[in-house]
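This report covers an interface, a surface patch and a set of charged pairs. Please keep the structure open while reading.

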Amino acid sequence: MNRNYIYLTILMFILAVGTLVIKKANEPKQIEPQQLLFELIQPTRYVSTDQVAKMIIKNDPSLEIIDVRSAMEFNRFSLPRSVNVPLDSLLNNTSSYLGIAGTKVVFVSDNDIAADQAWVITKRLGVKSTYVMKGGLNQWMETIIDPKQPDPTEPYTAFETYAFRQGAQLYFTGSKAEAMESSKIKVEVQRKKKSGGASGGC
Amino acid sequence: MGPLFPNGIITGEWDFVIALLLGIIFGFVLEASGFSSSRNITGVFYGYNFVVIRVFFTAVIVAMVGMLYFDYFGWLDLSKIFILPTFLSPMILGGVIMGVGFIMGGFCPGTSFTAIAIGKLDGLVFAIGLFLGIFVFSLSFPLFENFFVSGNMGNVTLTDVTGISAAWFAMAFTVVALAAFWGTSIIEKKIRKNMTEHTF
């Protein structure tokens, strides 16, 4: 028998045995790249700090805040009701926090870069209703903890927002709202002097 | 990367071009393997020529094992390839009819055309009969329709049905094929005294 047939037989057998050895890395199921790109360019994934604050104050049960900073940073300061899942261990804990029907997951980090990364990772895995807090905790500090008074020329809605933020500041920090300056003015009751006796007249 | 069509790497307009190229290659391989001779083909049923088994087994194990490696290297996503739906009982009956036709006619549809290409009259008659059969079947289709669509199991694979992984099937099939390859060679040698051994 031709020797080449023997070689080919051995080669084929080795290759076939090789298929038993090769194991595809257990890759998680992912959404289509087109779908991901489509979702990526939608600004709808962002929620503002005001919206988050409103939901916390109203104690909205559907809100689930996931803080993707490190545990150390989380211990130093964190939003109320938020859970800490650092970005690098996000994939280890996905099953317990993500994909719960009826919840809105909001990712929070110092700015929105790490939160956006968390959003992309979970979106690729097909997790629904995940959001990113726009501007992150920096924005939170600027808007909720230390709100700036709007210019007098700004539209009415800016003042409404400011009013809400002042209330939210009170809620989250517990500090007393700055008393309005007008309330400091002492109102003196001017009494009419009693007229003493008749003064001329008819 | 692959499969090329579902991933949009090749668009549908290329269907006919690719079909033509693949057809030419397929026809060439059939002819080169000696499949245009009905003696070679029916020999497997009479036990003196097993070239059909060897060629088809070689094609099957190379494709089987090759696709598993392609999947591993990321060149082909096996979860996306088209799997022909299984209609169990119609397929068994169809296989029996095909086998009977194979022995009686000495060709399968593809090989009859390679036989025509090298000028064989029996191949031509076979092909005419083939089209007559298709014509008659089409006209009488309403009679068979219920049976034709019965026993639909969907796009299942052996792994779906048995739970045994594709690699084990490929492995087992390769062992069987290689055994058949050597076994049939020994049988052929004993039966055919004047056999010319092919070399490459």
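## Surface patch on chain B

M153(B) sits in the loop that runs between α7 (141-148) and α8 (158-162) of chain B. The model is predicted. M153(B) belongs to a nonpolar surface patch, together with L88(B), I92(B), V96(B), V100(B), M104(B) and V161(B). The accessible area of these residues together is about 680 Å².

Which helix gives the patch its largest share? Helix α4 (residues 88-105) of chain B does, with 5 residues.

## Interface of chains A and B

The size of an interface is often given as the accessible area lost when the parts come together. Here, the area buried between chain B and chain A is about 2,000 Å². Carbon and sulfur atoms give 75% of that area. In residues, 22 of chain B are in contact with 20 of chain A.

Polar pairing across the interface comes to 2 residue pairs in polar contact, both at pLDDT 80 or more. Salt bridges between chain B and chain A number 0.

On the side of chain B that touches chain A, the elements giving two or more residues are α3 (51-73) and α9 (166-191) of chain B. The largest share is that of α9(B), with 10 residues. By type, this side of chain B divides into 14 nonpolar, 4 polar and 4 charged residues.

## Salt bridges

How many salt bridges does a search of the whole structure find? Over all chains, the search finds 8.

One pair is K123(A) with E39(A), whose closest N and O atoms are 3.7 Å apart.

Methods
Residues numbered from 1 in each chain as written. Chains lettered and ligands numbered in written order. Predicted model: local features only at pLDDT ≥ 70, side-chain atom pairs only at ≥ 80, totals over all residues. Heavy atoms only, no water. Contact = heavy atoms within 4.5 Å. Buried area = accessible area lost by both parts, 1.4 Å probe. Salt bridge = Lys/Arg side-chain N within 4 Å of Asp/Glu carboxyl O. Polar contact = N/O pair within 3.5 Å; in protein donor to acceptor, adjacent residues only side chain to side chain. Helix = DSSP H or I, 4+ residues; strand = E, 2+ residues; numbered from the N terminus. Nonpolar A, V, L, I, M, F, W, Y, C, P; charged D, E, K, R; others polar. Patch = residues over 30% accessible without salt bridge, like charges linked within 9 Å, V, L, I, M, F, W, Y side chains within 5 Å. Areas by Shrake-Rupley, 256 points an atom, 1.4 Å probe, with all protein chains shown as cover.
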